[in-house]
Amino acid sequence: MPRTSRFSAFLLLVAVGFAAGPLTSPALAAAESPRRPNFLIILVDDQSPFDFRFYNPRSELNSPTLDRLAAQGMIIDGAYYMGGWVGGVCTPSRTMMMSGRTLWHAPDASGRGYNPHNNNPRLVPPDLPNHTLPAVFNRAGYATMRTCKPGNSYQAANRLFQVRHDADKRGATDETGSAWHAERVLDYLQEREAKKDQRPFLIHFGFSHPHDTRDAKPEYLAKYGATNHTDRATPPPAHPKQPRLPLAYLPAHPFDQGNQPGQRDETEASGVWERRDERTIRNELGREFACVENIDTQIDRVLRRLEAMGELDNTYIFYTADNGIAIGRHGIQGKQILYEHSWRVPFIARGPGIAPGSRAPGNIYLLDVLATVCDLAGIAAPATNEGVSFRAVLEGRQPAIRETLYGVYCGGTRPGIRAVRHGDWKLIQYDVHGGRVRESQLFNLRENPDELLIQHHDPAVVALTGNRPAPHQINLAGDPRHAAKLREMQERLLSEMRRFDDPFRLWNQPGDNLPVPAEPTAPPAPAAKKKAAKG
């Protein structure tokens with residue numbers, strides 16, 4: 001703007017200011033300041049990116065709202081959570097997302113020693129709640145609101161949202177299911193309008209589904225031929241509308257992946273339990289899709305309300321999940337594994353400066369969200385943050401923010417499972433059950449995106465999935481032609497473990513003179529819990 005025009009604008013503002021009151025009036029401040037963006041962070045519980053057609057064209061999920069959101073913004077192909085040191089991986093994942101801390105620097109509120117570094121103030125800051133997502137945005141003058149499930153999360157941060165409505169809602173009605181979470185957001189937006197609240201907002205819009213129990217509404221179940229099955233003694237009924245088995249389906253994992261006996265997701269998920277037969281898995285996928293389509297409907301209601309309020313185009317919307325889920329892939333039901341279906345998460349972003357129909361690898365962790373929303377809002381990220389802003393990815397200025405990705409699961413027997421991805425290549429290593437199971441898996445994800453194993457070539461499996469893998473679509477760790485790549489990836493994994501203060505080492509790594517971490521203490525027995533509650 002020419003200098004004379006700027007001066008004229010200043011005189012006009014001064015005149016308006018004198019007419020309305022002192023120069024510091026809100027009207028003048030609003031005229032001088034650009035409108036700050038809003039944020040709607042949508043977080044679902046346990047979802048593989050392969051639910052969606054924009055990640056997996058073979059999927060039979062109907063998700064018109066999220067398909068449209070993806071078309072209006074950016075799809076990130078390489079979004080991951082860093083992992084977990086406990087079987088309920090939701091807890092460390094959500095803690096990292098709220099705090100921007102990496103896995104071994106994130107607090108473990110259980111008091112049982114899942115994270116051996118938990119009591120080291122150099123690695124886990126004692127005042128971390130004051131530097132979490134809601135605390136930072138509260139100080140910046142944002143209105144903050146949250147609805148989500150209450151458990152397996154970072155309560156010290158959750159309670160800092162100015163408005164909070166948390167509850168477990170995994171039922172088959174509007175009151176007991178996903179509509180309840182949407183109603184809380186809609187009520188909040190209505191209250192903002194009634195109060196003429198002009199502050200920018202940050203809304204954490206969480207859902208309890210599609211985590212099990214996947215009790216879906218009847219109208220959605222009917223679309224996928226599924227039932228809310230409750231009889232542990234029998235498999236659910238077959239139905240032609242049920243989704244096909246995933247390409248990576250197996251009736252059992254080829255080796256023990258290291259869970260403790262009776263690990264909940266593998267034995268107690270209602271409707272599945274320990275079954276991995278075709279009828280059970282197809283029915284459970286139908287229930288998953290029914291829950292997700294309901295979530296899709298509820299998101300549509302909120303987006304339409306934002307549009308009616310004139311807020312939609314000034315709002316950054318992120319859609320993601322706290323972790324993935326297997327549901328029959330590789331013979332696994334839960335997410336305590338590091339195949340792509342469980343380590344990766346869906347990630348859609350829409351908002352100012354994000355080109356419609358764009359796509360990028362990203363190579364982001366969920367812990368990068370804090371740095372990114374701070375960057376987009378013009379707020380300094382807290383000093384405790386270890387994440388990296390991916391604003392440049394969202395704005396199309398670079399394809400990814402890192403080259404190497406590191407993953408952990410040690411919520412079972414330790415050291416557990418580790419993964420590293422670099423370019424097209426991925427290594428997974430298992431060191432579990434006191435060294436009785438030691439396995440390496442090497443995949444070229446460009447040529448074998450579903451991480452198919454030799455077991456997927458079994459004619460009985462091919463008959464069930466309808467997929468005949470190519471000869472090279474196997475674990476390449478034992479192939480002498482890839483020995484150099486295996487060594488390279490093992491070196492990369494060790495480097496990442498050192499960089500992120502992983503307190504464990506695997507059988508084929510140097511010990512680095514690290515102390516052996518103590519085993520976590522066992523949770524109280526159910527009877528003890530009840531007695532303690534009465535006392």
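Predicted model: local features only at pLDDT ≥ 70, side-chain atom pairs only at ≥ 80, totals over all residues.
**Aromatic pairs, nonpolar cores and enclosed space**

The aromatic side chains are considered next. A pair of aromatic rings is described by the distance between the centres and the angle between the planes. When rings are paired if their centres lie within 6.5 Å, the count comes to 16 aromatic pairs. Elsewhere, ring pairs link F39, F137, Y142 and Y316 into a cluster. A charged side chain also meets a ring: R184 lies over the face of W180, at 4.8 Å from the ring centre.

Nonpolar side chains form cores. The largest nonpolar core has 130 residues, and those with the most contacts inside it are F137, F205, F347 and F390. Helix 10 gives the most to this core, contributing 9 residues. The surroundings of F390 can be listed: leaving aside residues up to four places away in sequence, F390 touches I76, F318, F347, I364, D368, V369, T372 and I401. Another core lies apart from the largest one and has 6 residues, among them L245, I281, L285 and I327. F137, one of the residues with the most contacts inside the largest core, also belongs to the cluster linked by ring pairs.

Helix 10 also holds N294, which counts as buried at 7% relative accessibility. When residues up to four places away in sequence are not counted, N294 touches S178, K217 and Y220. A further buried residue, F50, has its place in the loop between strand 1 and helix 3 (64–72), with a relative accessible area of 12%. F50 touches Y55, N56, S59, R329, E340, H341 and R344, again not counting residues up to four places away in sequence. F50 and S342 are 292 residues apart in sequence, yet 9.8 Å separates them in space, C-alpha to C-alpha.

Empty space was also examined. Rolling a probe the size of a water molecule over the atoms shows where empty space is left. The structure holds 3 cavities of 30 Å³ or more, and about 60 Å³ of space lies in the largest cavity. The lining of the largest cavity consists of I41, L43, R94, M97, M98, L133, R146, S153, N158, H204 and V369. Strand 1 (38–45) and helix 4 (90–99) are the elements that give two or more residues to this lining, and helix 4 gives the most, with 3 residues. V369, part of the lining of the largest cavity, is one of the residues touched by F390.

The largest pocket has a volume of about 1000 Å³. It is lined by 43 residues, of which V86, G87, G88, R112 and Y114 lie nearest its centre. The elements giving two or more residues to the lining of the largest pocket are helix 4, helix 9 and helix 16 (526–534), and the largest share, 3 residues, comes from helix 4.

Helix 4 is itself mostly covered, with 10 of its 10 residues buried. These buried residues are C90, T91, P92, S93, R94, T95, M96, M97, M98 and S99. R94, M97 and M98 are among the residues that line the largest cavity. Helix 4 is followed by G100, whose phi is positive, near 70 degrees.

Note on methods
Residues numbered from 1 in each chain as written. Heavy atoms only, no water. Phe/Tyr/Trp six-rings, centres within 6.5 Å; stacked < 30°, edge-to-face > 60°. Lys NZ or Arg CZ within 6 Å of the ring centre and 35° of its normal. Core = buried A, V, L, I, M, F, W, Y, C linked by side-chain atoms within 4.5 Å. Buried < 20%, exposed > 50% of the residue type's maximum accessible area, 1.4 Å probe, protein only. Helix = DSSP H or I, 4+ residues; strand = E, 2+ residues; numbered from the N terminus. Contact = heavy atoms within 4.5 Å. 1 Å grid on protein atoms, 1.4 Å probe; cavity = no way out; pocket = protein on both sides within 12 Å on 5 of 7 lines; lining within 4 Å. Points joined across faces, edges and corners; volume = space filled by probe spheres on them.
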